[in-house]
Amino acid sequence: MTMKRTVSLLFLLFTMILGVAAKGDKMPQYDITGAGSGTEGTLLVKVYVYAKSVKDEDLKRAAVHGVVFRGCSGNASGARQPAMASPTAEIDNAAFCEAFFAKDGQCQNFASIVTGSYDRVKTQKGYKCGAILQIDKTALRKTLEQAGVVRSLSSGF
């Protein structure tokens, strides 16, 4: 009986550790809007992440995810930056997206936080943290095209 209890406790502990680790890679709740135009091939976005604690990696993940799957309003002219991928692309390419948008995933390479643009507000459930990020739209598109997540612009209609 003791051996069964020990195995059961180890199994329970193992599943709890896996649950905590998996929770850390979940995409945080966020809002994204345009923040003006950047240099050629880049896009400036303002991202707010809602969580108990927010790190730079969370802001970068949300910014890249928003540009790829949501799109955002553009600069002061009211122009809109459409989403790069179709609405079903995230589900259709779930294995790639899970690895790409992990906390230490490749998405981190396509976003950089503009110095001095941090904004933090305490809410009832945690914090609303924001920053302006510059997204390397050209390199991001190329990587997503190679992975088959987005269609090439030269593929025609």
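Student: How many bridges join strand S6 to S7?

Tutor: This is a predicted model. In it, 5 bridges join S6 (residues 119-123) to S7, and the two strands run antiparallel.

Student: Now the helix. Which residues of H5 are buried?

Tutor: Start with the general idea. An α-helix has 3.6 residues a turn, so residues three or four places apart point the same way. Now the case here. H5 spans residues 137-147, and its buried residues are Leu-140, Arg-141, Thr-143 and Leu-144. They lie on the same side of H5 because they cover an arc of only 165° around the axis.

Student: Which residues are exposed on the other side of H5?

Tutor: Thr-138, Lys-142 and Gln-146 are exposed there.

Student: What covers the buried residues of H5?

Tutor: The cover includes helix H2 (56-70), helix H4 (94-100) and strand S7 (126-136).

Student: What follows H5?

Tutor: Gly-148 does, and its phi is positive, near 85°.

Student: Let's turn to Lys-46. Where is Lys-46 found, and is it buried or exposed?

Tutor: Lys-46 is found in strand S2 (residues 42-51). Lys-46 is buried, yet has no salt bridge.

Student: Which side chain of opposite charge is nearest to Lys-46?

Tutor: Asp-119, at 4.4 Å. A salt bridge needs a side-chain nitrogen of Lys or Arg within 4 Å of a carboxyl oxygen of Asp or Glu.

Student: Leaving aside neighbours within four places in sequence, what is Lys-46 in contact with?

Tutor: Among them are Asp-31, Thr-33, Ser-117, Asp-119 and Ile-132.

Definitions and conventions. Residues are numbered from 1 along each chain as its sequence is written. This is a predicted model: local features need pLDDT of at least 70, side-chain atom pairs count only at pLDDT 80 or more; totals for chains, interfaces and linings use all residues. Side-chain values use heavy atoms; hydrogens and water are left out. Buried means under 20% relative accessible area, exposed over 50%, partly exposed in between (1.4 Å probe, protein chains only). Helices (H or I, at least four residues) and strands (E, at least two) are DSSP runs, numbered from the N terminus. The arc is that of the directions from the helix axis to the C-beta atoms. Contact means heavy atoms within 4.5 Å. Lys and Arg count as positive and Asp and Glu as negative; His and the chain ends are not counted. Two strands pair if DSSP finds at least two bridges between them.
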